[in-house]
Amino acid sequence: MSLSLLIDQLNEQLPNASERRLACLAMLVCDRSPTLACLNDKASFSSLLDDIHLKIQSLDDQHAAVALELESLAQTEPCEFEPKHIWTLIRAIKVQSQFVDLLTGVKIEQEATN
């Protein structure tokens with residue numbers, strides 16, 4: 001019952017969102033509020049959604065920046081490879097790791113146990 005209520009509230013908040021986007025947001029809300037207690041308070045629910053949107057936007061921006069760096073790196077000749085290119089690869093790995101953590105809820109679970 002709570003999951004259907006969550007989807008209804010997401011639909012209410014984001015009437016033009018695709019089903020895929022709603023499913024992703026539902027998963028992220030469930031990761032951050034496993035009991036879905038946020039559904040009992042509209043302000044809490046809106047705040048949680050705002051936090052999720054900011055996190056997603058931040059990661060999207062980081063991903064776009066790293067993608068440009070990687071595209072540039074891919075055009076580099078092997079003999080031109082420098083230490084700064086290693087940092088580009090490390091940043092790319094870190095951003096990808098943050099996306100995976102966001103989608104799997106791993107960091108959230110670790111923070112909840114600390």
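Modeller: **The packing of α3 and α4**

The axes of α3 and α4 come within 9 Å of each other and cross at roughly 150°, where an axis is a line fitted to C-alpha atoms, for helices over the stretch in contact, and angles run from 0 to 180 degrees between N-to-C directions. That angle makes α3 roughly antiparallel to α4, since angles over 145 degrees count as roughly antiparallel, those under 35 as roughly parallel, 65 to 115 as roughly perpendicular and the rest as oblique. This is a predicted model, in which local features need pLDDT of at least 70 and side-chain atom pairs count only at pLDDT 80 or more, while totals for chains, interfaces and linings use all residues. Residues are numbered from 1 along each chain as its sequence is written, and side-chain values use heavy atoms, with hydrogens and water left out. Helices are DSSP runs (H or I, at least four residues), numbered from the N terminus.

In handedness, α3 passes α4 in a left-handed crossing, a term used if the near helix is turned anticlockwise from the far one by less than a right angle, with clockwise giving right-handed. The contact (heavy atoms within 4.5 Å) draws on residues of α3 including I56, L59, V66 and L70, and on residues of α4 including H85, A92, V95 and F99. By class, the residues of this contact divide into 10 nonpolar, 6 polar and 4 charged, where Ala, Val, Leu, Ile, Met, Phe, Trp, Tyr, Cys and Pro count as nonpolar, Asp, Glu, Lys and Arg as charged, and the others, Gly among them, as polar.

Helix α4 itself covers residues 83-104, and its 22 residues reach 32 Å from the first C-alpha to the last, close to the 32 Å expected at 1.5 Å a residue. Among the buried residues of α4 are H85, T88, V95 and F99, buried meaning under 20% relative accessible area with a 1.4 Å probe and protein chains only. A92, which has its place in helix α4, is buried with a relative accessible area of 8%, and A92 touches V66 and L70, not counting residues up to four places away in sequence. After α4 comes G105, whose phi is positive, near 75°.

Helix α3 (residues 42-74) also packs with helix α2 (residues 19-32), at an angle of about 110° and with their axes 11 Å apart. α2 and α3 are therefore roughly perpendicular to each other.

Technical notes. Helix = DSSP H or I, 4+ residues; strand = E, 2+ residues; numbered from the N terminus. Expected span 1.5 Å × (residues − 1). Buried < 20%, exposed > 50% of the residue type's maximum accessible area, 1.4 Å probe, protein only.
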